[in-house]
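The sequence and structure come first.

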Amino acid sequence: MSFFHKFPKVSPSLKGSLSEKDVTLKLTTKIIMSSGGKTLNNLFVPRNNGISSEIDIVHITKKGIFVFENKNYAGYIFGDEMNKEWTVTTYTGKNHFGRKTIAKYHFYNPIRQNKSHIKSLLEYLHMDVRTFSFITFSDRGELKNVTTHSPDVFVCNHRDLSNYMSMLWDCNPYVLTEDQINY
């Protein structure tokens, strides 16, 4: 049973914050302890149009910059990297005929959202460095039909994050120094 099932009246903003902290905790305990790096949460990056991009989590390592868009949806998640919107479906109970009722919600494609965040971040930093785009969903969401096409885009649940990070760590060269990470 997850934390959220024990306390079902937790507000959506608190759930989102706790979900981001879960990702950060996984990064700091599993990755930084063994490999170094820096994690920044809720980073506001100025854009050329005067508006800021808010990035949920940025993890800077010798292997590159990992940019996370964290989603805290419960239900079945459907989406393709090329689509404008994704869908989450949730079971809402039974109607007065005793039939299951399902609600569908559409949300902006988080891969596109994170791509925009990465573009803003690299423009702000005035550098071209290897980036990895991670879309993380809380374990309350089940990825049913999610398709990616780009080699540096990853979509996973929190429980699978450590495996993805370890895999990427093992197969990518160093591109940043400690001085660049701490700048």
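## Second largest pocket

Helix 3 and strand 7 (131–137) each supply at least two residues to the lining of the second largest pocket. Helix 3 gives the most, with four residues. Helices (H or I, at least four residues) and strands (E, at least two) are DSSP runs numbered from the N terminus. On a 1 Å grid over the protein atoms alone, a pocket is an open set of points where a 1.4 Å probe fits, with protein on both sides within 12 Å along at least five of seven lines, and lining residues have an atom within 4 Å of a point.

The lining of the second largest pocket has 13 residues, and Glu81, Lys115, Ser133, Ser150 and Val153 lie nearest its centre. By class there are five nonpolar, three polar and five charged residues; Ala, Val, Leu, Ile, Met, Phe, Trp, Tyr, Cys and Pro count as nonpolar, Asp, Glu, Lys and Arg as charged, and the others, Gly among them, as polar. The volume is about 260 Å³, taken as the space filled by probe spheres set on the points, which are joined across faces, edges and corners.

## Basis of the model

The model is predicted: local features need pLDDT of at least 70, side-chain atom pairs count only at pLDDT 80 or more, and totals for chains, interfaces and linings use all residues. Residues are numbered from 1 along each chain as its sequence is written, and side-chain values use heavy atoms, with hydrogens and water left out.

## Largest pocket

The largest pocket has a volume of about 320 Å³. Its lining has 17 residues, with Ile60, Leu125, Met127, Gln180 and Tyr183 nearest the centre. The lining comprises 15 nonpolar residues, one polar and one charged.

Strand 1 (38–46), strand 2 (52–61), helix 3 and helix 5 (178–182) each supply at least two lining residues. Strand 1 gives the most, with six.

## Helix 3

Residues 110–125 form helix 3. Buried residues (under 20% relative accessible area, 1.4 Å probe, protein chains only) in this helix include Asn114, His117 and Ser120. At its start, a side-chain oxygen of Asn109 comes to within 2.8 Å of the backbone nitrogen of Ile111. Just after the helix, His126 has a positive phi of about 55 degrees.

## Hairpins

Strand 5 (residues 85–94) and strand 6 (residues 100–108) run antiparallel, joined by nine bridges. Two strands pair if DSSP finds at least two bridges between them. Thr87 has His106 in strand 6 as its bridge partner. Five residues separate strands 5 and 6 in their hairpin, and Gly98 in the turn has a positive phi of about 85 degrees.

Strand 4 and strand 5 also form a hairpin, with four residues between them.

Technical notes:
Expected span 1.5 Å × (residues − 1). Buried < 20%, exposed > 50% of the residue type's maximum accessible area, 1.4 Å probe, protein only. Polar contact = N/O pair within 3.5 Å; in protein donor to acceptor, adjacent residues only side chain to side chain.
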